Amino acid sequence: MKIIHFIHETRRQTVGVGLLAGLLAAGMADAGAPRHSLQAIRDAVHEFVLADRSEDPYPPEVRVGRLDKRLRLKPCPAPLQVTYANPDRRAGQVYATVACTGEVAWRIFVPVRVAAFADVVVAARALPRGQRLGAADLRLAKRDLAGLNHGYYRDPAELQAWETRRSVRAGTVLTPTAVAPRKLVRNGEAVTLVAAAGRLRVAARGKALGDGAEGHTVRVRNSATGRVVEGRVIGPGRVAVDW
């Protein structure tokens with residue numbers, strides 16, 4: 001769900017060193033000798049990114065960085081090989097590796113800005129903290145994934161009956177820090193412990209020792225025995241425990 005959206009300082013340093021090393025090892029053309037078209041390199045990067053994101057719901061916006069006009073690379077007789085410098089990073093500010101292999105060999109890194117768009121879940125209206133989410137509270141909106149550093153959701157149905165963890169303005173992308181499954185059991189509240197074996201069912205009263213949404217595991221103190229047990233939240237104020 002999530003994409004890496006920024007370059008750490010160490011990553012920038014690594015790319016810078018790699019670029020220098022690539023140029024030093026490149027097939028550099030002598031002054032006045034034919035050289036590979038820098039525009040052709042930029043075009044190859046542009047086409048590579050478009051092909052890589054061909055299945056995206058919206059066409060990406062691709063801006064390939066300019067190359068130093070003083071760069072003189074020998075003409076590559078073979079098709080250029082383009083890859084991402086970091087395959088895990090395909091949106092935002094990224095670097096593409098462009099290589100010529102064979103008798104003529106060189107490699108450079110090319111900066112490229114990729115804006116990849118998709119429909120994500122946003123607040124359909126202003127929502128207060130603790131709001132239980134329904135269909136009227138959610139809608140889909142087109143957003144640049146590279147800017148969603150804190151995550152996002154793609155399906156409004158996934159958030160049905162969840163609740164807001166803080167107030168949210170209309171149009172805000174809903175993230176894991178903004179919404180969460182609705183807590184059906186809350187710390188300190190009385191709950192019903194339910195145990196079943198075949199057709200036999202036993203219920204007991206207890207006190208929750210933590211919060212829990214449906215399916216979550218919580219600790220409960222049995223009111224009759226004082227024993228602390230763990231169980232799975234199965235409904236409002238109801239916790240299933242092993243027999």
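**Pocket.** I looked up the largest pocket first: 15 residues line it, and Ala195, Asn222, Val229, Val241 and Asp242 lie nearest its centre. Strand 10 (190–197), strand 11 (200–208) and strand 14 (228–235) each give two or more residues to this lining. The model is predicted; local features need pLDDT of at least 70, side-chain atom pairs count only at pLDDT 80 or more, and totals for chains, interfaces and linings use all residues. Residues are numbered from 1 along each chain as its sequence is written, and side-chain values use heavy atoms, with hydrogens and water left out.

I noted the terms. A pocket is an open set of points on a 1 Å grid over the protein atoms alone, where a 1.4 Å probe fits, with protein on both sides within 12 Å along at least five of seven lines; lining residues have an atom within 4 Å of a point. Strands (E, at least two residues) and helices (H or I, at least four) are DSSP runs, numbered from the N terminus.

**Arg182.** I then turned to Arg182, in the loop between strand 8 (179–180) and strand 9 (183–185). Arg182 is partly exposed, at 25% relative accessible area; that class runs between buried and exposed, the latter over 50% (1.4 Å probe, protein chains only). Its C-alpha is 8.3 Å from that of Gly212, 30 residues apart along the chain.

Methods:
Buried < 20%, exposed > 50% of the residue type's maximum accessible area, 1.4 Å probe, protein only.
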